[in-house]
Amino acid sequence: MTTSNASLANRTVSRIGYGALQLERLHDRRGDAVALLRRAVELGVDHVDTAEFYGYGFANDVIREALRPEDGVLVVTKVGADPDPGGPLPLRLAQRPEQLRASVEDNLRSLGTDQLSVVNLRRLDSGPGLRPDGDQVVDLDDQLAVMTALRDEGKIGAIGLSSVTLDGLRRALPADIACVQNAYSLVSRDDEDLLRLCAAEGIAWVPFFPLGGAFPGMPKATDEPAVHAVAESLGVTPAQVGLAWLLHHAPHVLLIPGTADTAHLEANIAAGEITLDAATLATLDAIESRSNEVPID
């Protein structure tokens with residue numbers, strides 16, 4: 001069994017958590033959203049990843065309702081973007097230090113807590129998605145200064161980084177980084193050096209888009225013939241193979257797959273039970289890694 005546990009912000013958590021982005025698909029079925037999170041807890045999930053801009057606060061609101069202190073769930077949120085209901089995208093960049101502070105306050109309110117256990121600073125330095133311009137081009141040191149101040153004030157417990165470069169993480173190490181969230185999957189492994197640095201420094205590696213394919217033009221693990229062949233031989237789904245590969249690849253990898261469907265939730269967590277032998281891993285490792293740089297205009 002590969003699920004086991006790993007360390008995140010001085011807590012031991014199950015290696016398969018839950019990413020709350022997809023909860024917004026249940027916006028008109030709030031009861032189902034709450035039930036989905038309760039089912040995740042029943043299945044052993046004790047690490048939930050969220051953001052204020054997920055469903056314009058809906059995900060945080062559901063988390064506040066569904067999770068109880070006795071569940072012992074580590075809730076990780078992120079700052080660097082805010083909800084933008086009237087905009088072309090559901091979010092707007094919020095990279096400036098005063099915006100980061102305001103976003104922390106927003107998350108404290110919507111999650112109904114006095115301290116955010118872990119807050120990821122969502123940079124825009126790497127991976128697919130938006131790039132900053134104008135006053136949203138902010139030096140990492142200025143951002144870390146306000147994040148460290150918020151930690152000193154007790155408003156956040158630990159600091160993570162997202163969409164960061166190898167050089168950026170090196171610069172940030174003195175701030176005591178708990179985790180790194182970058183786009184990373186079997187078919188997009190450009191960040192191997194970053195993953196190794198995290199391992200050496202005891203930093204959790206929490207890949208988003210763990211199967212690739214989130215934007216048009218991004219490679220998808222589930223499109224690979226080798227992944228399908230392994231899935232067929234093991235009697236599992238290609239998506240489960242992609243998740244299992246990540247768990248086997250390094251012991252400090254934590255997964256936060258998201259879904260709005262209970263059956264998919266159960267399948268994602270069951271991926272932790274899949275054993276990949278050396279020959280199978282070699283087959284999967286031989287899949288070509290392609291860039292996931294797909295900027296959005």
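Helices, when I use the word today, are DSSP runs of H or I with at least four residues, and strands are runs of E with at least two, both numbered from the N terminus. With that in place, I can say that Val41 is found in helix α1, and I will come back to that residue once we have looked at the whole chain.

This is a predicted model, in which local features need pLDDT of at least 70 and side-chain atom pairs count only at pLDDT 80 or more, while totals for chains, interfaces and linings use all residues. Residues are numbered from 1 along each chain as its sequence is written, and side-chain values use heavy atoms, with hydrogens and water left out.

Let me begin with the overall picture. The chain has ten helices and eleven strands. Its radius of gyration is 18 Å, close to the 19 Å that the globule rule gives for 297 residues, so the chain is as compact as a globular protein of that length; the radius is taken over C-alpha atoms, and the rule is 2.2 Å times the number of residues to the power 0.38. Along its principal axes, the C-alpha trace spans about 50 × 40 × 40 Å. Of the 297 residues, 53% count as buried, where buried means under 20% relative accessible area, exposed means over 50%, and partly exposed lies in between, using a 1.4 Å probe and protein chains only. Taking contact to mean heavy atoms within 4.5 Å, and looking at contacts between residues at least 6 apart in sequence, 74% join residues at least 24 apart.

Now to helix α1, which covers residues 30-42. This helix has 13 residues and reaches 19 Å from its first C-alpha to its last, close to the 18 Å expected at 1.5 Å a residue, the expected span being 1.5 Å times one less than the number of residues. The buried residues of α1 are Ala33, Val34, Leu36, Leu37, Arg38, Ala40 and Val41, and they pack against β3 (18-19), β4 (47-49), α2 (58-66) and α9 (262-270). Val41 itself has a relative accessible area of 18% and is therefore buried. Not counting residues up to four places away in sequence, Val41 touches Leu67, Asp71 and Val73; the C-alpha atoms of Val41 and Val73, which are 32 residues apart along the chain, are separated by 8.0 Å. Just after α1, Gly44 takes a positive phi of about 100°.

What, then, covers the buried residues of α2? The cover includes α1, β4, β5 (74-79) and α3 (97-111), and the α2 residues that are buried are Phe58, Ala59, Asn60, Val62, Ile63 and Ala66.

Tyr56, in the loop between β4 and α2, has a positive phi of about 55° although it is not a glycine, and with a relative accessible area of 43% Tyr56 is partly exposed. Ser163, in the loop between β9 (156-162) and α5 (166-172), also is a residue other than glycine with a positive phi, near 55°, but at 1% relative accessibility Ser163 counts as buried.

I will finish with Ser7, which lies in strand β1 (residues 5-8) and, at 47% relative accessibility, counts as partly exposed. Leaving aside neighbours within four places in sequence, Ser7 is in contact with Ala204 and Leu254.
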